[in-house]
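Student: Could we go through this structure together? I would like to begin with the whole chain and then turn to details.

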Amino acid sequence: MNENGEYRYSYEDYNRISYNPNGTSARGRNGIKVFAIIVTVLLVITTTVLLGLTVSSQQPLESQLSVTTETSSEVSESSSMQRPDQDEIEVPELNITSHAEEDTYISSDGKLTTTQIHEKVRPSVVGILNYSAENSLTADSSGSGIIVSSDGYILTNAHVISGAANLVVVLDNNEEYAAQLIGSDVSTDLAVIKIDAENLTAAELGDSDQLKVGEPVVAIGNPAGLNLAGSTTRGIVSGLDRTISVTLETGESISMEVIQTDAAINPGNSGGPLINEYGQVIGINSSRLSSSSYDGIGFAIPVNDALPVVEDLIQYGYVTGRVKLGITYYPISEVVGAMSGYTPGLLVYSVDVTMDVYAKGLRAGDIITEMDGKSVTSKEAIKTILDGKKPGDTLKITFVRGSSDNQASYSVDVILGVDTGNSDTSSYSSEPGTAEGVPTTADGTQSFT
């Protein structure tokens with residue numbers, strides 16, 4: 001402060017405030033004391049730790065473990081709640097096994113896996129393309145077939161080759177061959193075709209009579225065409241000796257005894273094999289119930305029933321020894337007749353104009369009540385009677401005509417024809433009989449009962 005009382009800031013004044021009058025800083029002296037204390041403490045701690053390590057290194061290992069366990073008892077107790085001690089854990093063998101490239105294992109009873117069945121039978125399954133006369137460039141339909149001989153005979157369904165102008169067979173190696181129709185049997189829905197080839201892999205045929213309900217089966221075929229060729233499905237035998245009625249494209253209805261299975265059978269599978277656990281063909285896939293209300297109901301023709309037909313088709317081109325009456329009909333049971341007012345029997349729907357039964361006067365609308373003196377009200381009844389006949393035999397038919405309150409009864413002797421399995425439904429007449437058309441017997445005389 002000057003003489004006038006004014007204060008002036010000067011570094012000399014700041015220095016005198018910060019330091020002692022002798023020129024030494026008070027703050028610096030205090031820092032030196034603190035630093036000395038810290039160094040002393042660190043030296044004491046370091047010495048203590050070194051002494052402790054020296055002592056512990058001289059103790060046995062067991063005592064060290066004991067100390068460790070005691071100091072970490074809480075951790076040990078917590079760990080023991082989660083898993084046992086390492087010595088108590090049994091480690092399983094966790095080996096990665098590669099899939100064998102070739103598994104030739106066959107069980108002691110000869111049964112095959114599905115893969116082995118596919119590998120065994122697939123070379124015997126073919127695709128069949130059906131070309132119509134109107135379109136020779138694009139197949140109208142397709143199906144499946146089974147090679148039954150190494151020289152080119154192939155078994156399939158009659159409906160697979162129906163209406164074909166040309167047939168092409170595609171083997172499992174995609175080789176194509178033109179095929180010749182050997183014979184077709186509509187009554188059993190079976191057909192045989194042949195290709196000009198040698199050294200083919202023929203399928204092994206099994207005994208369908210040995211099948212049991214619940215037995216595993218495999219189907220191989222070409223559902224939805226050749227783009228899905230060789231498709232393999234698996235299921236069981238759901239039923240045996242099923243009687244089904246199948247309506248053909250011609251409108252004719254045929255009755256078949258079949259195997260029922262839940263193995264997937266779709267359009268294009270027709271004619272392909274149904275196979276047992278031994279890789280043997282025991283059925284020819286033929287049809288299925290097609291509806292949104294049904295699932296897993298397919299049918300196959302038993303191979304035991306098919307074999308005699310195949311042999312006849314190859315040798316003669318048709319099935320020999322089988323008789324044909326020449327009618328289509330509706331069976332009327334006693335119960336249905338009582339409810340409907342119809343006379344029980346076989347209500348004739350149509351008559352083949354080329355057969356003797358038409359010549360003897362039987363017409364649509366007539367009701368057959370007896371054959372050879374036996375009542376007939378079902379398919380099974382007429383089948384039993386005709387199975388004992390051969391072509392050329394005579395069958396006595398009794399039938400009624402007219403309304404229930406004005407009904408006449410007649411009897412005629414009909415000569416049975418040969419069923420070649422290729423019925424032409426265009427030759428069937430559905431014209432009803434008339435009162436004037438009184439049937440006559442073979443000798444031209446009227447016969448009444």
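This is a predicted model: local features need pLDDT of at least 70, side-chain atom pairs count only at pLDDT 80 or more; totals for chains, interfaces and linings use all residues.

Student: Let us move to helix α10. Which of its residues are buried?

Tutor: Helix α10 covers residues 379–386, and its buried residues are I382, I385 and L386.

Student: Why do they line one face of the helix?

Tutor: Viewed down the axis of α10, the buried residues lie within an arc of 95 degrees, so they line one face of the helix. In general, an α-helix has 3.6 residues a turn, so residues three or four places apart point the same way.

Student: What do those buried residues pack against?

Tutor: They pack against several strands, including β15 (345–352), β16 (367–371) and β18 (394–403).

Student: Changing topic, is strand β2 mostly covered or mostly open?

Tutor: Strand β2, residues 141–147, is mostly covered, as five of its seven residues are buried.

Student: Which strands pair with it?

Tutor: Strand β1 (residues 125–131) pairs with β2 in the antiparallel sense over six bridges. Strand β3 (residues 153–156) also runs antiparallel to β2, joined by two bridges.

Student: Where does I146 come in?

Tutor: I146 of β2 is the bridge partner of V125, and I146 also stands opposite L155 in β3.

Student: What about the hairpin of β2 and β3?

Tutor: Five residues lie between the two strands of that hairpin, and G152 takes a positive phi near 110 degrees.

Key. Residues are numbered from 1 along each chain as its sequence is written. Side-chain values use heavy atoms; hydrogens and water are left out. Buried means under 20% relative accessible area, exposed over 50%, partly exposed in between (1.4 Å probe, protein chains only). Helices (H or I, at least four residues) and strands (E, at least two) are DSSP runs, numbered from the N terminus. The arc is that of the directions from the helix axis to the C-beta atoms. Contact means heavy atoms within 4.5 Å. Two strands pair if DSSP finds at least two bridges between them.
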